[in-house]
Amino acid sequence: MTPMRLTAVAALLTLGVAACGGTTKSSVTSAPAQAPASSAAAANPNAPLKQGLKLAFLPKQINNPYMTIVANAGAEAAKEFQGEAKEVGPSDASASSQISYINTLTQQGHDAILISANDPNAVCGPLQQARAKNIKIVSYDSDAAPECRDLFINQAASEEVGRSQVKLLADMIGSKGEIAILSATANATNQNTWIDFMKDELGKPEYKDMKLVKVAYGDDDDQKSFTETQGLLQAYPDLKGIISPTTVGVSAAARYISGSKYKGKVVLTGLGTPNQMRQFVKDKTVEKFALWNPKDLGYLASYAAAALVSGQITGAEGETFKAGKLGERTIGKNGEVILGPPFTFDASNIDQFDF
Amino acid sequence: MARVLRWDVLVASLLIVVFAGGSFTSPGFASVDNLSFALGDLGEIALIALAMTMLVVAAEVDLSVASVLGLSSALVGALWDGGMAIETIIPLVVLTGAVCGLVNGLLVTRLGLPSLAVTIGTLALYRGLAYVVLGDRAVAQFPPDYTALAVDDVPGTPIPYPIALFVLLAVVVGVVLHATGFGRSLYAIGAQEQAAFFAGIRVKRIKLLLFVVSGTVAAFAGVIFTLRYGSARADNGMGIELAVIAAVLLGGVDFDGGKGTLGGVIAGVLLIGLLRNLLMLGDVSTEIQSIVTGLLLIVSVLTPRLVSLVRPALKGTP
């Protein structure tokens, strides 16, 4: 056992020495942050869109219907400017699995890589290497660290999501009565930001007759959301409407309401996916719900990538570009382009979407 | 003739064929950038495969390596986030890996449990601990000096530093395995444990040591993984134990122990890595990639058995 003991002593000694000083988080983060790589060329808004561009969509994972819709819409947009776009990606959405694909796309010499990042930092190094080879990087759906991409196509500006949910519900209940919110977990960042904007919107005079009585948390768990809905309706018999800004919550709430005596009496809306909500729209439990339109997301991302490669924009705040049928778009702060207000799904359009 | 027909030689030849074919058909394949990347992507798998080779030769296996890697990554993240110096974190985390290996080894050698079962258990256990340590957070912003060590090439070569380390360790393990009495005792344990025991080999102690080495290497691979991706997460490296074992088996190490060479394993690791890289460059879908790797693995396990069945039959005919 002597050699083992020696090793242990040596290890402890190393620890002791190392503990006296070294590289810590504070010594790293206090150093000035690396400035985002800025392109030397100035933007030329009148440059024509280049033809024959090769774009590559790298989703969080392939075989995900939502991601495929985005990429397919991107490919259709690319056709409009005589380019081509393909979708490649890993079969699992783990943090590291996109890295090899970024390298491959770099070697294949694409003009732009469009990525929905599984991990904002893990993809950073390879994306920087791609940019060093003059490949433009557009993130969509899920952002990469801002210094590693040229643009982020943000599908949902928090403020618009929050406010539009209140408007959607107000339209359906005549801006009058008690309402409740069924959220995800109590500390979910997205949901809490949206709820803050909902409360702010409810403070406006036109909603003075609407009263938020409760924010319930279904923890993005189907069963819990279901029972929370049940609890809400029993505790507040005068409840007129529920907003559930989470796909899990809204479908669980819809399932409860559709089989209860509250169907047709309580208005439910929220953020949901067409496939989860279809049956409840058809059986008239839910009239309208919202989410961004994934087709528009892919379309806009494609045009943004083309505008970058063609030199119309460099990714700086305030630059504008034309995104085909979506019209002119302006780059906001942090290189973000906002898709626009959420898209409302109802009986008239839900069958055009499969995700 | 028999020597030429050895499986590890076949794998090495296949590797050369894939490399030559790749350079010929895919223009980006043989570029320095791409090779450097493809090698770098193999770093953790290659390192863990070294320790795994010794274990499998001794007829044991460690399926918990990827979870130790994940636990190590989570620890690096949590401690770094807590303000500890990276120079302290690294030895501490590697030590934790050694303890993980020790637990595996003690369960196998002291309680006499099969390592397959023990390490399936600790696979779940260590991954669970990783989530306890870091939850589903991700910690980033590691010191650039250290991340560069995990990513950059040794100057003037397409060889990333982790691969250079691998080469160094491979020489050590190669010598130990093939040119020392200790190495031969591993083969003896794998071939006939009881005979090895009666021949005076300290079977249990050696196995315990192998598990500790395996845990230690896996934890160090976790440090490299974390720095290479610049992101510490509890789910890091999920499933790479299968890639490691695939490489070891593909390299011709017999799962029943007692057979195989380190050269074969290195060829196996490179073959899996380069083939995957080549398929990706050719836009072959992920599903087909896993089918190719899976078939290769089955062939590698099947062929030596078929050969051993066929060879006596051939000898029997005049």
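**Entry 1: surface of chain A.** Before reading any areas, I noted that accessible areas here come from the Shrake-Rupley method with a 1.4 Å probe. I also reminded myself that this is a predicted model. With that settled, I looked up chain A and found an accessible surface of about 15600 Å². Carbon and sulfur atoms own 51% of that surface.

Entry 2: I went through the secondary structure next and found 11 helices and 14 strands in chain A. Along its principal axes, the C-alpha trace of the chain spans about 70 × 70 × 40 Å. I then asked what share of the 355 residues in chain A is buried. The share came out at 52%. I also looked at how far apart in sequence the contacting residues are. Taking the contacts in chain A with a separation of 6 or more, I found that 70% join residues 24 or more positions apart.

**Entry 3: where A meets B.** I moved on to the contact between the two chains, to which chain A gives 33 residues and chain B gives 41 residues. Together the chains bury about 2900 Å² between them, and carbon and sulfur atoms carry 58% of this buried area.

How many salt bridges cross the interface of chain A and chain B? I got 4 by the rule. One that I looked up pairs the side chains of Lys86(A) and Asp283(B), with N to O at 2.6 Å.

At least two residues each come from α1 (2–19), α2 (25–29) and α4 (99–107) of chain A. The largest share is that of α4(A), with 6 residues. Sorting the residues on this side of chain A by type, I get 12 nonpolar, 17 polar and 4 charged.

**Entry 4: one residue in chain B.** Is Thr109(B) buried or exposed? Thr109(B) counts as buried because its relative accessibility is 4%, and the cut-off for buried is under 20%. I also listed what it touches, leaving out residues up to four places away in sequence: Lys204(B), Lys207(B) and Leu208(B).

Key: Residues numbered from 1 in each chain as written. Chains lettered and ligands numbered in written order. Predicted model: local features only at pLDDT ≥ 70, side-chain atom pairs only at ≥ 80, totals over all residues. Heavy atoms only, no water. Contact = heavy atoms within 4.5 Å. Buried area = accessible area lost by both parts, 1.4 Å probe. Helix = DSSP H or I, 4+ residues; strand = E, 2+ residues; numbered from the N terminus. Nonpolar A, V, L, I, M, F, W, Y, C, P; charged D, E, K, R; others polar. Buried < 20%, exposed > 50% of the residue type's maximum accessible area, 1.4 Å probe, protein only.
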